[in-house]
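Subject: Structure for you to look at

Hello,

Here is the structure I promised to pass on. Please open it beside this email, and read the notes below with it in view.

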Amino acid sequence: MEPERPPIQVDGAQFREWLEAVRAAQKRLEQEKTAWLRQLTPEQSLAIYHALWEAAAPHRNFEQPSTFILRLQKVFQRMPEAQTRESAPPSRK
(Lines give C-alpha, C1' and ligand atoms only; values in the text may rest on other atoms or scores of the structure.)
Protein backbone atom coordinates (compact mmCIF):
# COMPACT_ATOMS: atom_id res chain seq x y z
CA MET A 1 0.00 0.00 0.00
CA GLU A 2 1.39 3.37 -1.04
CA PRO A 3 1.64 6.19 1.49
CA GLU A 4 -0.92 8.96 1.07
CA ARG A 5 0.46 11.93 -0.80
CA PRO A 6 -0.25 15.48 0.27
CA PRO A 7 -2.38 17.53 -2.13
CA ILE A 8 -0.45 19.51 -4.71
CA GLN A 9 -1.02 23.22 -4.92
CA VAL A 10 -0.39 24.90 -8.25
CA ASP A 11 0.29 28.59 -8.66
CA GLY A 12 -1.96 29.60 -11.56
CA ALA A 13 0.31 32.42 -12.73
CA GLN A 14 3.39 30.19 -12.73
CA PHE A 15 1.48 27.47 -14.55
CA ARG A 16 0.29 29.88 -17.25
CA GLU A 17 3.85 31.20 -17.62
CA TRP A 18 5.17 27.64 -17.97
CA LEU A 19 2.45 26.75 -20.47
CA GLU A 20 3.23 29.84 -22.55
CA ALA A 21 6.92 28.87 -22.59
CA VAL A 22 6.06 25.33 -23.68
CA ARG A 23 3.89 26.63 -26.51
CA ALA A 24 6.62 29.03 -27.62
CA ALA A 25 9.12 26.17 -27.65
CA GLN A 26 6.75 23.98 -29.66
CA LYS A 27 6.23 26.78 -32.18
CA ARG A 28 9.99 27.27 -32.51
CA LEU A 29 10.59 23.54 -32.98
CA GLU A 30 7.90 23.41 -35.66
CA GLN A 31 9.51 26.34 -37.48
CA GLU A 32 12.95 24.73 -37.33
CA LYS A 33 11.58 21.38 -38.50
CA THR A 34 9.78 23.02 -41.42
CA ALA A 35 12.91 24.94 -42.43
CA TRP A 36 14.99 21.76 -42.27
CA LEU A 37 12.49 19.75 -44.32
CA ARG A 38 12.23 22.46 -46.97
CA GLN A 39 15.96 22.37 -47.65
CA LEU A 40 15.97 18.64 -48.39
CA THR A 41 16.32 17.48 -51.97
CA PRO A 42 13.82 14.90 -53.27
CA GLU A 43 16.60 12.29 -53.10
CA GLN A 44 17.33 13.10 -49.46
CA SER A 45 13.62 12.96 -48.62
CA LEU A 46 13.30 9.58 -50.29
CA ALA A 47 16.37 8.25 -48.47
CA ILE A 48 14.88 9.33 -45.13
CA TYR A 49 11.55 7.72 -46.03
CA HIS A 50 13.26 4.43 -46.90
CA ALA A 51 15.29 4.51 -43.68
CA LEU A 52 12.13 5.07 -41.62
CA TRP A 53 10.34 2.28 -43.49
CA GLU A 54 13.19 -0.13 -42.74
CA ALA A 55 13.39 0.96 -39.11
CA ALA A 56 9.69 0.18 -38.68
CA ALA A 57 9.98 -3.27 -40.30
CA PRO A 58 10.16 -5.24 -37.03
CA HIS A 59 6.92 -3.60 -35.88
CA ARG A 60 4.87 -4.24 -39.02
CA ASN A 61 2.38 -7.07 -39.19
CA PHE A 62 0.70 -7.37 -42.56
CA GLU A 63 -1.50 -10.18 -41.26
CA GLN A 64 -3.38 -7.87 -38.91
CA PRO A 65 -4.49 -4.27 -39.50
CA SER A 66 -3.15 -1.58 -37.23
CA THR A 67 -5.29 -0.27 -34.40
CA PHE A 68 -5.28 3.10 -36.16
CA ILE A 69 -6.81 1.56 -39.29
CA LEU A 70 -9.44 -0.27 -37.24
CA ARG A 71 -10.42 2.94 -35.44
CA LEU A 72 -10.52 4.83 -38.73
CA GLN A 73 -12.83 2.20 -40.21
CA LYS A 74 -15.22 2.60 -37.27
CA VAL A 75 -15.32 6.36 -37.82
CA PHE A 76 -16.18 5.90 -41.50
CA GLN A 77 -18.83 3.32 -40.63
CA ARG A 78 -20.53 5.82 -38.29
CA MET A 79 -20.37 8.76 -40.73
CA PRO A 80 -23.62 8.05 -42.65
CA GLU A 81 -25.55 7.84 -39.38
CA ALA A 82 -24.06 11.13 -38.16
CA GLN A 83 -24.80 12.86 -41.48
CA THR A 84 -28.41 11.64 -41.33
CA ARG A 85 -28.80 13.04 -37.81
CA GLU A 86 -27.30 16.39 -38.86
CA SER A 87 -29.56 16.79 -41.88
CA ALA A 88 -32.76 15.68 -40.13
CA PRO A 89 -35.11 18.44 -38.95
CA PRO A 90 -35.13 18.96 -35.20
CA SER A 91 -37.63 16.75 -33.42
CA ARG A 92 -40.48 18.32 -31.48
CA LYS A 93 -41.38 17.06 -28.06
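Where is the place of P58? P58 sits in the loop between α2 (42-55) and α3. Helices here are DSSP runs of H or I with at least four residues, strands are runs of E with at least two, and both are numbered from the N terminus.

First, the ground rules. This is a predicted model, in which local features need pLDDT of at least 70, side-chain atom pairs count only at pLDDT 80 or more, and totals for chains, interfaces and linings use all residues. Residues are numbered from 1 along each chain as its sequence is written, and side-chain values use heavy atoms, with hydrogens and water left out.

Confidence
pLDDT is the predictor's confidence in each residue, from 0 to 100. The protein averages 90, and 96% of the residues score at least 70. Confidence is highest in helix α1 (residues 12-38), at a mean of 97. It is lowest in helix α3 (residues 67-87), at 87.

Overall form
The protein has 3 helices and 0 strands. The order along the sequence is α-α-α. Its radius of gyration is 24 Å, whereas a compact globule of 93 residues would come in near 12 Å. That radius is taken over C-alpha atoms, and the globule rule is 2.2 Å times the number of residues to the power 0.38. The C-alpha trace spans about 65 × 45 × 40 Å along the principal axes.

Surface
Buried means under 20% relative accessible area, exposed means over 50%, and partly exposed lies in between (1.4 Å probe, protein chains only). The protein exposes about 9,800 Å², and carbon and sulfur atoms supply 58% of that. These areas come from the Shrake-Rupley method with a 1.4 Å probe; for residues, only the protein chains shown count as cover.

P58 is the loop residue from the opening question. P58 counts as exposed, at 66% relative accessibility. P58 and A47 are 11 residues apart in sequence, and their C-alpha atoms are 19 Å apart. R85 is in helix α3. R85 is exposed too, with a relative accessible area of 56%. From R85 to Q73 it is 12 residues in sequence and 19 Å in space, C-alpha to C-alpha.

Charges
The protein has 14 positive and 12 negative charges, and their mean positions are 9 Å apart. Lys and Arg count as positive, Asp and Glu as negative; His and the chain ends are not counted. Each charge is placed at NZ of Lys, CZ of Arg, CG of Asp or CD of Glu.

Side chains of opposite charge can pair when their charged atoms come close. How many salt bridges are there? The count is 3, where a salt bridge is a side-chain nitrogen of Lys or Arg within 4 Å of a carboxyl oxygen of Asp or Glu.

- R5 and E2 meet at 3.7 Å, N to O. R5 is exposed at 69%, and E2 is exposed at 62%.
- E32 pairs with R28, the closest N and O atoms being 2.8 Å apart. Both lie in helix α1, 4 residues apart, about one turn of the helix. E32 is partly exposed, at 39%.
- K33 pairs with E30, with closest N and O atoms 3.3 Å apart. Both lie in helix α1, 3 residues apart, about one turn of the helix. K33 is partly exposed at 44%, and E30 is partly exposed at 42%.

Best wishes
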